[in-house]
Amino acid sequence: MRPSPRNPEWGGPATILNVGLNDARHRALAERLGQGAADALYLRFVQAYAVHVARLDPDMFEARAPSAEALKAALRAYEDETDEPFPQDPAQQLGAALRSMARAWEGTTARLLRQAKGAPAEAGLGLIVQQMVPGIGAGVSGTGNVQFVDPVTGTAGVTGRFVAQSLGPDGAIANGSTPVASDGTGGALQDLAPGVFADLVAYGAACRARLREEMQLEFTLADGRLSVIDAVRTARGARAELRIAVALAQDAIISTAEAVRRIEPRALSELLHPQVDPRAARDAFARGIAASPGAAVGRIVFSAAAAQASAARDEPCILVRRETAPEDIRGMHAASGVLTERGGMTSHAAVIARGLGLPCVVGASALRIDARDRRLQTAEGRVFREGDIITLDGTAGEALAGAAEMLAPALDEDFRTLLGWADGFRDIGVRANADTPADAQTARDFAAEGIGLCRTEHMFFEPERLIVMREMIFANTPADRASALERLLPMQREDFARLFEIMQGLPVTIRLFDPPLHEFLPQTREGLRELAEALDRPLSDITRRAEALAEANPMLGMRGVRLGVAMPEIYEMQARAIFEATLIAAGRGAPVVPEIMIPLVSAMREVELIKTRIEAVAAAVRTALGRDFDYRLGVMVETPRASLRAGDIARHAAFLSFGTNDLTQMTYGLSRDDAGRFMSAYVNLGVFPEDPFQTLDLEGVGELLLIGAERGRRTRPDLTLSICGEHGGNPESIAFCRRAGFDYVSCSPYRVPLARLAAAHLALAERAEKTS
């Protein structure tokens, strides 16, 4: 007797085998199959009946080796516990088993468990009564299972095991197992009984067509006669799930819409990056927050410089830091993965790693990192030094000793096919946050519909640019500042031209310079001394200037549009670089209408001032080069006041892009870099339902988005609306943006596939609701 719920994941009562066995049947089986086999069959039934039907203490009937004595002991224990002999009437056994399974299904615990897995309260249970076929006897007899796809990759192929002279998966009485499919050695089931193997393949194909799924078959052979006992959904990982769904749709067994619905968007993370092979052994020495998915093997390094040196030698490395800062970006670009002692999901390391597609584990607080001695120590006392090989598993949030076995990314034709189908269903745009040409190429490869956020400050951390940037910071007059910026202009211009060329006419939104200037200065005295030598200035001048630029609260200080107003030369240089790059790209056959975005706006007057200067630069470029071009000017909404005054701001903006990272920080009054210290406690205590830096706060931040959208479009109906923070790739955020009428979401390049699929899921779910 087998339970058969509508969804196997809902669970159900245990299968009961050998119903109908009694003393008389036991004697008959002993004559036909032998005393040992008969005793084993009867003992298994008595144990199952006592525990699952009569509800007796399992310890009284614990599994023991089959024998005549064990059988007698089980029958005696049953009679002692129930004050009546073991039932001999098959009809009585069957009725009691049916009632017991029904009661088990309706039990409180079972009901709560299946409701937690999404089962409706009225979910019913089917009960299947099958003839027992013991896999023992003359000829080819035994039990086995067979599946028709690889559970890890999803590639077609017959695998499985067969146990000769076996009572079932937990009742083998001899011989061990052999493969179902032939491996060339001659001992497989296919070699012993090729007709049976052909029947299994045919039954597998029939199940695939009728059940619309890849199934694993459980079967029994009795003297060469095949009985298929059960068919269950083949266990599989994300790679196999996608390949199976695409194959079923291509064979017209399911629709393309159903194939898209079958793949969970978050499961795509396993396909986009290398992963640790789930079949491999793991020696985890550190655990933290899985901040960016994927896995990498490399040698430990403790500084950005060491990471760059390792990359120059073509040696993969894992950058290990207490926490990262902007000056570590070059090292992160060079590293294969990032491990930090501190930080949360929205810390600097996590955000940059997701953008770069690097595996990253943050908040591994049990580690003790000593960058000076270039060593780290675990809570158990294990010590790892620079140069030691480790594996970083950003998907599981673990660091493993040694080089683990890996699986390559699965960005194959099936992956592209499924996402192509998804694009046909979604109704909201998906762009990428891309700061470099490499990021832009990744975004293009993942079919992003443009760049929704290009953070230009990341372009200034290259060594040859950083020194010029520092010269600009230490300039004493606007003229000196403009002179330094003039040297940065051709670098910026070529960056933008390459971005435009890669994106081939797709929209590119460039955020003007945002961070405070002190982020470009060394943080140590040794670094300041080296800077003084590079600039040929007294160390005291360098130190005084660095101290003058320091701020008590940089997040709310001299950054964003405030820099553009106070030091207009910076934004003027960037605008000129954008416009000249636009003309270069057009000459190369990649015409584009750039979108210039002003960061950290809180007042309409700020937009007016910057807009006036940008228009003047545009006019100067048109006059100097004798060619015309178009551009769009917009605002990055990151302050609550900008949301509230969006109606005023929209008078001077063609688009509003909500930067939900800073908007969440300013709405809550929380630093995303420090919130990890108490966020888990807040969530556990119910202060916040979720970490607002991971899941968009619909009640607070979401209301500001709705207010800004409504007021902006009231002023300007054709206003383009989007979000470009870390939330942009989350399915929950995409659902909110669809309902609010936003035009697109923008997320890190490696989250673009997830966003495309999530948007398709939402559109298909809405369509299903309308038709039901």
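Ser141 is buried, with a relative accessible area of 1%, where buried means under 20% relative accessible area, exposed over 50% and partly exposed in between (1.4 Å probe, protein chains only). This is a predicted model, in which local features need pLDDT of at least 70 and side-chain atom pairs count only at pLDDT 80 or more, while totals for chains, interfaces and linings use all residues. Residues are numbered from 1 along each chain as its sequence is written, and side-chain values use heavy atoms, with hydrogens and water left out.

**Surroundings of Ser141**
- Among the residues that Ser141 touches, not counting those up to four places away in sequence, are Gly135, Phe162, Leu221 and Asp223, a contact being heavy atoms within 4.5 Å.

**Nonpolar cores**
- The largest nonpolar core has 123 residues, and Phe579 and Leu656 have the most contacts inside it; such a core is a set of buried Ala, Val, Leu, Ile, Met, Phe, Trp, Tyr and Cys residues joined through side-chain atoms within 4.5 Å.
- A second, separate core of 26 residues includes Ile16, Phe61, Ala74 and Ala77.

**Aromatic rings**
- The structure holds 17 aromatic pairs, counted when rings of Phe, Tyr and Trp (its six-membered ring) have centres within 6.5 Å, with planes under 30 degrees apart called stacked, over 60 edge-to-face and the rest tilted.
- Phe460 and Phe513 form a tilted pair, 5.8 Å centre to centre with 55° between the planes; Phe460 is buried at 3% relative accessibility, and Phe513 is buried at 0%.
- Ring pairs also link Tyr42, Phe45, Tyr49, Tyr78 and Phe86 into a cluster.
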